[in-house]
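Dear colleague,

I am handing over the structure below, and I would be grateful if you could look through it before reading my notes on its salt bridges.

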Amino acid sequence: MTDKGRELLANNEGNFKIAFFSLADDEVDYNIIEKFGRAVGKEKISKNTPVFEAQTVGTLAMKHRLLTLPNPKVVRLPSYTLTAPNLDNEILSFSANTPINEMTVNQIIVGQATIPEGVADTTFTVLLPDRFLTLQGRSRISIEATTRTATYGITATGRNNAQGATAQFTLQKQSIDDTMFTIYGDSNDKSTITGVVSIIGDQSGLRKDFSFQIKQT
Amino acid sequence: MANLTGGSFKRISPQDISNKQSTLNQLVDVVQEDVSGSATRKKYQVFVTGGVGPGVTSSLFQTVYDQDFSLQTANPIFDMTVGLYQSGTTVTAAKTGQDGTGKLLFSSQSLMMREKVDVYKQFAANLLGDAGRAFFAPFNAPSTTDPTDPGGISNQVNEALFVSFKRLFSRDKIKRETFATRIYRSGVLDGSPATGLYEPGVAGTPGMDNGEARVLQGYTGSNIYRTSTSGSAIFSDIGAAGSVLSSFGGGVGNIVNAANTAETVGLMFYDAGTAVFDMKKLFFWDQHMSGAIQAMATANTVNGATIATGYSVMGASASNGKAQLIPDFLVSGSIDQIVDHVASTRFQSGSLTAATFQNATNINSTLIFCRATADEFNYSSNPTFTTDNRIVVIDQGQDDTQRSFTFPTTVGLHDEFGNLLAVAKMSRPIEKNDEKDITFRIRLDF
């Protein structure tokens with residue numbers, strides 16, 4: 001039972017109703033198939049992959065979901081690229097002088113003209129640590145009590161040439177005092193807070209994680 | 001919360017959710033040392049007397065733990081106390097009267113008599129539905145003399161030892177015909193006042209001084225706190241599963257001597273997790289008892305020995321020389337002293353099992369069947385699933401003949417709003433491909 005499941009049970013309002021299931025394969029390394037071939041690789045994955053125990057934090061329990069696509073012959077899946085003025089090597093920087101960052105997420109595919117049917121996203125879910133960041137101009141859908149991970153929903157604003165989704169959003173640094181830097185600052189540099197933001201395509205289930213750094217000055 | 005519009009969620013039909021009830025049994029063993037050790041037996045000294053001397057403090061019950069109770073990791077196993085039936089022989093013989101409000105009156109040589117009666121009444125109210133009723137062993141036996149007992153003891157439990165197992169161990173109830181306990185029925189020999197072996201200045205055996213006589217005959221002086229080393233018997237609820245009795249307090253069975261099942265010494269109330277022992281049948285009730293006990297007394301001298309304030313001596317010739325376990329010790333001892341005696345001397349102090357039973361936990365389960373058909377969940381959002389957007393599990397150039405497959409390790413259960421309510425993990429990754437449909441059976445226990 002996750003924290004959310006237990007919370008709903010404790011609320012005693014009859015909201016604990018299981019309606020859907022999903023599958024995930026967080027522990028699996030599919031590169032083994034490339035290295036050993038399909039026959040031996042499958043054996044190795046099946047027999048040599050330890051499976052972790054379940055986690056109770058919903059945002060951590062299932063990172064990589066399995067997908068159902070209408071076309072069984074798909075050989076390529078899209079990915080996301082991120083662009084932002086202060087994004088360098090997948091690390092987004094904030095400081096006192098740059099409290100906001102406008103970002104663009106772009107769904108692309110390499111080696112194929114268009115994105116397969118069923119994985120072109122129209123909406124995205126953004127997960128971010130609410131202590132440090134917020135999504136400017138948007139209301140969060142929910143916040144996880146134990147981790148303070150906030151969930152936001154954003155809608156694709158257009159399509160690129162590959163029929164992939166593009167979306168814009170603005171990340172804004174929360175007001176952070178010196179005590180917060182003392183508590184949450186990096187162990188080797190207390191003037192910097194580091195964290196992770198995740199963008200998940202609601203239709204494709206594909207995920208993009210990137211780091212951020214908030215400098216004290 | 002996730003948006004459920006994509007192809008990574010599948011609705012579970014109502015037909016794929018069912019409910020089931022089952023029972024889990026666990027074996028519980030209580031070690032002798034845990035019962036007898038003072039560090040593992042917690043007292044709650046809420047009873048305080050006034051009057052003569054420093055007064056007596058006592059608990060109304062004691063709790064036995066599985067380790068030193070001052071440690072945070074200690075778990076309470078059971079509570080133990082004693083009670084006396086208000087109309088039983090021990091109470092009526094010790095009673096001096098009753099005041100206008102119905103309060104029982106006792107002589108100053110007794111201690112905590114009203115509390116012992118109240119303890120009995122509380123258990124009777126809870127287990128029999130009437131505080132004024134007596135327990136009978138065998139259960140519901142008529143109030144007649146037990147023909148199996150040569151001493152002619154009544155089936156009515158007038159002096160009860162109550163052992164209430166904690167929910168932590170008894171769970172929903174104790175399973176029938178699984179309870180057993182090893183009890184040392186006799187205390188250690190303390191010497192007989194009739195031969196005068198204890199008494200200074202009184203000759204014991206010709207040619208010996210009193211000390212030699214005591215040693216040779218195994219006498220110890222006081223047997224209140226000396227651990228009994230022999231005379232043990234196993235008592236269990238043999239036959240309780242075949243003869244299912246019930247009471248106001250739920251299921252009940254007779255606790256009998258395992259070596260002689262016609263000898264009933266108590267009752268086990270399974271749903272309450274409480275054992276009620278008839279102390280007169282469980283122990284050699286008429287055994288001589290001697291030693292210093294707490295009392296409302298000033299410093300005094302007994303047979304030349306100085307007794308500290310707050311104590312009196314029972315079993316010496318100068319002070320009730322023929323004192324017995326019942327009624328003398330049960331009347332004159334505080335509940336703490338009686339429980340201390342029973343726990344520290346009648347269960348031994350080794351590593352053997354003092355008591356054992358199986359508990360029962362009722363489990364309500366929801367079974368959820370998650371069905372993944374052949375064409376579902378054959379792709380993954382795992383970052384290792386693709387290299388430069390190419391699916392790595394399909395060999396290059398084999399696009400026409402090979403199909404994608406995955407290895408799910410986790411099943412997530414979501415509500416209508418996409419909230420992840422529960423997570424199930426598999427023991428190992430299981431291959432899912434377009435030639436295979438898999439049904440994952442998930443059990444949620446409550």
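Over all chains, the structure, which is a predicted model, holds 19 salt bridges, a salt bridge being a side-chain nitrogen of Lys or Arg within 4 Å of a carboxyl oxygen of Asp or Glu. Residues are numbered from 1 along each chain as its sequence is written, and chains are lettered from A in the order in which they are written. Local features need pLDDT of at least 70 and side-chain atom pairs count only at pLDDT 80 or more, whereas totals for chains use all residues, and side-chain values use heavy atoms, with hydrogens and water left out.

One of these bridges joins B:Lys43 to B:Asp340, with 2.8 Å between the closest N and O atoms. The two residues are 297 residues apart, B:Lys43 lying in strand β3 (residues 41-43) and B:Asp340 in helix α8 (residues 335-345) of chain B; helices (H or I, at least four residues) and strands (E, at least two) are DSSP runs, numbered from the N terminus. B:Asp340 is buried at 11% relative accessible area, while B:Lys43 is partly exposed at 36%, where buried means under 20%, exposed over 50% and partly exposed in between (1.4 Å probe, protein chains only).

Another bridge pairs B:Arg185 with B:Glu263, the closest N and O atoms being 2.6 Å apart. Because B:Arg185 sits in the loop between β14 (180-184) and α5 (210-216) and B:Glu263 in strand β18 (residues 260-269) of chain B, the pair ties together parts 78 residues apart in sequence. B:Arg185 is buried, at 10%, and B:Glu263 is buried too, at 16%.
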